[in-house]
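Hi there,

Here is the structure I promised to pass along.

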Protein chains: 2
Amino acid sequence: MEERVEISILVDIYGELLTEKQKEIMALYFNEDLSLSEISEITNTSRQAIHDIIKRCHKLLVEYERKLCLLKKATEGRKLRDELAVLLNELRSLTNSENSNNIILKIEEKIDSYLWEV
Amino acid sequence: MEERVEISILVDIYGELLTEKQKEIMALYFNEDLSLSEISEITNTSRQAIHDIIKRCHKLLVEYERKLCLLKKATEGRKLRDELAVLLNELRSLTNSENSNNIILKIEEKIDSYLWEV
């Protein structure tokens with residue numbers, strides 16, 4: 001995954017562990033793709049301070065992921081969800097019974113309603 | 001869930017976010033069920049300091065759960081896993097085809113090999 005995209009996802013996952021201000025700046029930089037100068041203007045904070053916050057929070061987010069692995073977990077969860085969808089479709093193509101099809105549908109609904117993104 | 005049990009699970013989930021010493025003391029108190037005096041002796045730390053660390057870390061763990069909801073997520077994951085197991089068993093009891101049974105088995109294996117505990 002491109003590093004910038006990865007950090008933007010880490011901001012979504014671990015943003016709550018940052019302060020409001022840190023979270024806002026990280027989101028503006030990595031999710032909204034604004035420049036340091038633009039963020040400096042919006043948040044009324046010096047360009048140097050923005051730079052330092054981004055550097056420190058980047059390190060923090062990487063550290064959280066090393067400790068809790070929630071991005072890795074979310075990726076594995078989506079992979080499982082997709083693999084199960086394929087297998088359930090195969091199963092449906094082999095099935096004629098209405099009862100079986102209803103159970104397959106129930107299984108699919110349960111899988112779909114689960115929050116796989118951490 | 002009894003509060004003591006819940007905190008012991010939070011120590012397992014978020015322990016990595018504590019320092020080594022904090023984690024050790026929380027595990028001794030909530031997972032090993034030792035008294036403040038026993039922990040004080042083992043860790044060569046005053047009883048008052050142990051008391052303060054437990055109080056502060058308890059608050060930290062509750063705060064982490066409020067922000068990341070990993071215990072809630074793990075509980076929902078295990079519930080989904082158990083519900084899927086029941087439905088897949090029902091499906092198997094309705095199925096005679098070997099192909100279908102093989103796919104059901106594959107689905108069960110994928111679900112079993114996934115790490116539902118966060």
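One definition before the notes: a salt bridge here is a side-chain nitrogen of Lys or Arg within 4 Å of a carboxyl oxygen of Asp or Glu. Please also keep in mind that this is a predicted model.

**Between the chains**

With that cut-off in hand, B:Glu83 and A:Lys110 form a salt bridge, because their closest N and O atoms are 3.3 Å apart and the limit is 4 Å. The rule finds 2 salt bridges across the interface of chain A and chain B. There are also 6 residue pairs in polar contact across that interface, with both residues at pLDDT 80 or more.

As for the extent of the contact, 31 residues come from chain A and 31 residues from chain B. Together the two chains bury about 3,000 Å², and 77% of that is on carbon and sulfur atoms. A:Lys73, A:Leu87 and A:Tyr114 supply 20% of the area that chain A buries against chain B, more than any other three residues.

**Within chain A**

Over all chains, the structure holds 16 salt bridges. One to look at is A:Lys72 with A:Glu76, where the closest N and O atoms are 3.5 Å apart. Both residues lie in helix α5 of chain A, 4 residues apart, which is about one turn of the helix.

**Within chain B**

Here I looked at how two helices pack. Helix α5 (residues 70–94) and helix α6 (residues 98–113) of chain B pack at an angle of about 170°, and their axes are 11 Å apart. That angle makes α5(B) roughly antiparallel to α6(B). Among the residues that meet are B:Leu84, B:Leu88 and B:Leu91 from α5(B), and B:Ile104, B:Leu105 and B:Ile107 from α6(B). By class, the residues of this contact divide into 7 nonpolar, 2 polar and 3 charged.

Best wishes

Methods: Residues numbered from 1 in each chain as written. Chains lettered and ligands numbered in written order. Predicted model: local features only at pLDDT ≥ 70, side-chain atom pairs only at ≥ 80, totals over all residues. Heavy atoms only, no water. Contact = heavy atoms within 4.5 Å. Buried area = accessible area lost by both parts, 1.4 Å probe. Polar contact = N/O pair within 3.5 Å; in protein donor to acceptor, adjacent residues only side chain to side chain. Axes fitted to C-alpha atoms, helices over the stretch in contact; angles between N-to-C directions. Parallel < 35°, antiparallel > 145°, perpendicular 65-115°, else oblique. Nonpolar A, V, L, I, M, F, W, Y, C, P; charged D, E, K, R; others polar.
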